[in-house]
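Open the model in your viewer and keep the selection tool at hand. The stops below are meant to be taken in order.

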Amino acid sequence: MTITRRNTEQGMAAAGETGASGGLGGLMRRYIGFSPIPMSKRSQQLESRIQGAQVATSVCPYCAVGCSQLVYHRDGKIIDIEGNPDSPINNGHLCPKGAATYQLVNNPNRPTKVLYRAPRSDHWEERPLAWAMDHIAQRVKEARDKDFVMNDDNGERINRLESVGSIGGATLDNEENYLMLKLFRNLGVVHITNQARI
Ligand code: SF4
């Protein structure tokens with residue numbers, strides 16, 4: 001309060017005013033901001049960055065709390081991610097990690113290639129993601145053809161593949177986990193785990 005009064009007095013002095021002109025109403029309008037339109041023209045023309053954007057509901061990929069997020073997108077690009085106020089879990093809030101989800105998608109440091117070290121090699125090589133996908137699929141097929149066990153020693157049907165395993169990470173959401181379980185269970189894989197289990 002003291003600071004405000006001092007600043008006001010300094011402002012009046014700088015303008016060469018005594019405070020008498022215009023009376024109390026004039027002073028209030030001038031110094032307290034009772035102007036009918038206190039925004040500049042530029043401010044009035046500004047829009048929210050999510051104005052007119054489409055929105056999709058999603059789940060924070062980081063931990064098992066499963067906070068709901070609103071993902072705003074325009075022209076096929078994500079432009080903002082915020083907490084979903086309709087969610088009973090987070091009520092519109094996100095922790096600092098969840099609030100930074102936007103940077104998970106839009107980030108120049110995000111790796112877009114994989115590092116591959118060939119058998120018995122002593123160095124890593126950069127390979128495209130599509131190459132890695134094909135390579136993994138090929139290896140899984142080879143392992144399944146070789147190791148799939150249809151019946152156990154007693155003749156019971158088990159349809160089991162124990163030489164392939166799946167380890168998921170915390171950035172997998174529930175839809176991705178569902179698809180992974182479906183894929184690997186159908187292959188007969190029994191060693192499946194994931195960090196968050198949401
Ligand atoms: S916002 Fe934070 S608490 Fe919520 S799911 Fe994401 S990481 Fe977990």
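In what order do the 3 strands of the open sheet stand? The order is β6-β7-β8, with mixed pairing; strands pair if DSSP finds at least two bridges between them. This is a predicted model, in which local features need pLDDT of at least 70 and side-chain atom pairs count only at pLDDT 80 or more, while totals for chains, interfaces and linings use all residues. For your selections, residues are numbered from 1 along each chain as its sequence is written.

**The sheet**

Select β6 (149-151) and β8 (189-193). These strands stand at the edges with a single partner strand each, so one side of each has no neighbour in the sheet. Neighbouring strands of the sheet are turned by 30 degrees against each other on average, direction ignored. β7 and β8 pair in the parallel sense over 4 bridges. I167 has T193, in β8, as its bridge partner. Next select helix α7 (residues 174-187), which packs on the sheet and touches β7 and β8. The direction of α7 makes about 155 degrees with that of β8. Such angles run from 0 to 180 degrees between N-to-C directions, with axes as lines fitted to C-alpha atoms, for helices over the stretch in contact. Contact is counted when C-beta atoms, placed from the backbone, lie within 7 Å.

**The whole chain**

Select the protein chain: it has 7 helices and 8 strands. Helices (H or I, at least four residues) and strands (E, at least two) are DSSP runs, numbered from the N terminus. Of its 198 residues, 7% count as buried. A residue is buried if 20 or more other C-beta atoms lie within 10 Å of its own, exposed if 12 or fewer, and partly exposed in between.

**Helix α6**

Select residues 129-147, helix α6. How many of its 19 residues are buried? The number is 0, so α6 lies largely in the open.

**Two backbone angles**

Most residues other than glycine have a negative phi. Select R120, in the loop between β4 (113-116) and β5 (125-128). R120 has a positive phi of about 65 degrees, and it is exposed, with 5 other C-beta atoms within 10 Å.

Conventions
The expected span of a helix is 1.5 Å times one less than its number of residues. Two residues are in contact if their C-beta atoms, placed from the backbone, lie within 7 Å.
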